[in-house]
Amino acid sequence: MRIRQQPSTDSARVVTPPGPTSVRVACQVHGGLVEYDGYGNDVRRACPDHGGCISDVFMDVNDARLPGVPTC
């Protein structure tokens, strides 16, 4: 799992949090497709505490978009 500056795979890496960790999500946006471990999604979540975005495929959630979280 990498948190990147922008919602794209070619954006600079901000941080790679250790193992499972909680993050605060401010909003969500579509970015480039990320595929990992049999899953694929183009939704990114903005994590303001870490100064970047994380791909949905690395989040432990059941939905492709988080209900109640606005679009960036």
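# Cross-links and strand pairing in a predicted model

Biologist: What is the torsion about the S-S bond of cysteine 27 and cysteine 72?

Modeller: The torsion about that S-S bond is about 95°, so the disulfide between cysteine 27 and cysteine 72 is right-handed. Please keep in mind that this is a predicted model.

Biologist: How far apart are the sulfur atoms of cysteine 27 and cysteine 72?

Modeller: The sulfur atoms of cysteine 27 and cysteine 72 are 1.9 Å apart. The two cysteines come from distant parts of the chain, 45 residues apart: cysteine 27 belongs to strand β3 (residues 27-36), and cysteine 72 to the segment after β5 (52-55).

Biologist: How many disulfides does a search of the whole structure find?

Modeller: The search of the whole structure finds one disulfide.

Biologist: Is cysteine 27 buried or exposed?

Modeller: Cysteine 27 has 15% relative accessibility and therefore counts as buried.

Biologist: Let us turn to the strands. In what sense do β3 and β4 pair, and over how many bridges?

Modeller: The pairing of β3 with strand β4 (residues 39-47) is antiparallel and runs over seven bridges. Within it, histidine 30 stands opposite valine 43 in β4.

Biologist: How many residues lie between β3 and β4?

Modeller: Two residues lie between them, and the two strands form a hairpin. In the turn, aspartate 37 has a positive phi of about 50°.

Biologist: What about β4 and β5, over how many bridges do they pair?

Modeller: They pair over four bridges, in the antiparallel sense. Arginine 45 has isoleucine 54 in β5 as its bridge partner. This pair of strands also makes a hairpin, with four residues between the strands, and glycine 51 in the turn has a positive phi of about 70°.

Biologist: Changing topic to charges: how many salt bridges does the search find?

Modeller: It finds two salt bridges in the whole structure. One of them joins arginine 24 to aspartate 49, with the closest N and O atoms 2.8 Å apart. Arginine 24 sits in the loop between β2 (13-15) and β3, and aspartate 49 sits in the loop between β4 and β5, 25 residues apart in the chain.

Biologist: Is aspartate 49 buried or exposed?

Modeller: Aspartate 49 counts as exposed at 52% relative accessibility, whereas arginine 24 is partly exposed, with a relative accessible area of 46%.

Biologist: Which side chain meets that of aspartate 56 in a salt bridge?

Modeller: The side chain of arginine 45 does, with an N to O distance of 2.5 Å. Aspartate 56 is in the segment after β5 and arginine 45 is in strand β4, so the two are 11 residues apart. Both aspartate 56 and arginine 45 are buried.

Biologist: Finally, how many aromatic pairs are there?

Modeller: The count comes to one aromatic pair. The rings of tyrosine 36 and phenylalanine 58 have their centres 5.1 Å apart and their planes at 50°, so the pair is tilted. Tyrosine 36 lies in strand β3 and phenylalanine 58 in the segment after β5, so the pair ties together parts that are 22 residues apart in sequence.

Biologist: What is the relative accessible area of tyrosine 36?

Modeller: Tyrosine 36 has a relative accessible area of 48% and is partly exposed. Phenylalanine 58 is partly exposed as well, at 28%.

Methods. Residues numbered from 1 in each chain as written. Predicted model: local features only at pLDDT ≥ 70, side-chain atom pairs only at ≥ 80, totals over all residues. Heavy atoms only, no water. Disulfide = S-S within 2.5 Å. Buried < 20%, exposed > 50% of the residue type's maximum accessible area, 1.4 Å probe, protein only. Pairing = 2+ DSSP bridges. Salt bridge = Lys/Arg side-chain N within 4 Å of Asp/Glu carboxyl O. Phe/Tyr/Trp six-rings, centres within 6.5 Å; stacked < 30°, edge-to-face > 60°.
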